[in-house]
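Subject: Structure for you to look at

Hello,

Here is the structure I said I would pass on. Please open it and keep it beside this email while you read.

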Amino acid sequence: MVRRIAEVAAKVGVSEATVSRVLNGRSGVSENTRTAVLTALDVLGYERPTQLRGERARLVGLVLPELQNPIFPASVEVMGNALAQQGFTPVLCTRTAGGVSEADYVELLLQQHVSGVVFSGGLYAQADAVHDHYHRLHDRGLPTVLINAAVEHLGFPQVSCDDALAVEQAMAHLRSLGHERIGLLLGPADHVPSRRKLEAFRSQLARADGDAATAVVEHGMFSVEGGQAAAGRLLRRGVTAILCASDPLALGAIRAARRQGLSVPEDVSIVGYDDSALMQSVDPPLTTIRQPIESMGQAAVAMLVKQISGAELPAEELLFAPELVVRSSTTRAPKG
């Protein structure tokens, strides 16, 4: 107990007597100091005294699938800064193979009495995944925001990039270059944003060719290796352009083309999705669909803070428009 008080006092920059007054619920401490002491308890991993456990800390969980895709660290940076400006401390939770699961992170965050949670790229986007931990958050009334498309009926507000508009922009670009045999490279079949892209892709084909059945589509894991394997199958089906559901998938598609002795973009054009860091520096610089990460991250935090303040937000989806960024991985379709 003495050690805990000393560590918290050092963390906050107050006397041990002040920390003791907060822990014992005594008066004579400003609200700002009281909040700082309770937050320090959470950050240092100490349990709050029993009489204080019902209060939420000014901590916000940021739950992501991984950090290898540069789009996720970029999103964390935006949301972390926005939360800090509102007086909240972000708690980063990332899943790893064989590590802590998303459901486990939810349990840990609830134990820390967080004020809210923002999920990005989580299991809510996988139709065949278990969603019990989301239902628990909803039943507890914990403020929660989801980034990008989710399965239906979870009951949380969402901030999403418009997948249909993204496909429309990419298809218009590729068709303007004369490409008619366009392949679509998506994530797993139960991935909701991928399903939205597939629906938009078929709609575009039906509008242009009158036959959505001509869609050339492959699914793969969201990684460079997954993109290489799936793109190899598309290339063997004779496509001259590939629209990918992420930038790592697009990098895998470029690798697959080169393994088959093809040149990008002379033999096959490649379009990514996200415009994550360094895509202008790869070889060739990647044409991609840019997600408005800055605007989406700030909107997600604003929606979460409103809920924390007591506002009831409808379980609606706020759609943000993507932007086509044309670089050197696309060019006119090869002749013949």
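Leaving aside neighbours within four places in sequence, which residues is F119 in contact with? In this predicted model, the contacts of F119 are V63, E102, V106, Y124, Y134, L137, T144, V145, L146 and I147.

F119 also belongs to the largest nonpolar core, which has 89 residues. The members that touch the most other members are F119, Y124, L185, F201, I242 and I270. Helix α11 (residues 293-308) supplies the largest share of this core, with eight residues. Another core lies apart from it and has 10 residues, including A9, L23, A40 and L41. In soluble globular proteins, nonpolar side chains tend to be buried together.

Next, the aromatic rings. There are three aromatic pairs. The ring centres of F119 and Y124 are 6.5 Å apart and the planes meet at 75 degrees, so this pair is edge-to-face. Both F119 and Y124 are buried. The pair of F119 and Y134 is edge-to-face as well, with 5.1 Å from centre to centre and 65 degrees between the planes. Because F119 is in strand β3 (residues 116-120) and Y134 is in helix α6 (residues 132-140), this pair ties together parts that are 15 residues apart in sequence. Y134 is buried, as is F119. F119, Y124 and Y134 make up one aromatic cluster.

R58 lies over the face of F88, 4.1 Å from the ring centre. The charged end of K197 sits over the ring of Y273, at 4.1 Å from its centre.

Regards

Technical notes
Residues are numbered from 1 along each chain as its sequence is written. This is a predicted model: local features need pLDDT of at least 70, side-chain atom pairs count only at pLDDT 80 or more; totals for chains, interfaces and linings use all residues. Side-chain values use heavy atoms; hydrogens and water are left out. A nonpolar core is a set of buried Ala, Val, Leu, Ile, Met, Phe, Trp, Tyr and Cys residues joined through side-chain atoms within 4.5 Å. Buried means under 20% relative accessible area, exposed over 50%, partly exposed in between (1.4 Å probe, protein chains only). Helices (H or I, at least four residues) and strands (E, at least two) are DSSP runs, numbered from the N terminus. Contact means heavy atoms within 4.5 Å. Rings of Phe, Tyr and Trp (its six-membered ring) pair if their centres lie within 6.5 Å; planes under 30 degrees apart count as stacked, over 60 as edge-to-face and the rest as tilted. A charge sits over a ring if NZ of Lys or CZ of Arg is within 6 Å of the ring centre and within 35 degrees of the ring normal.
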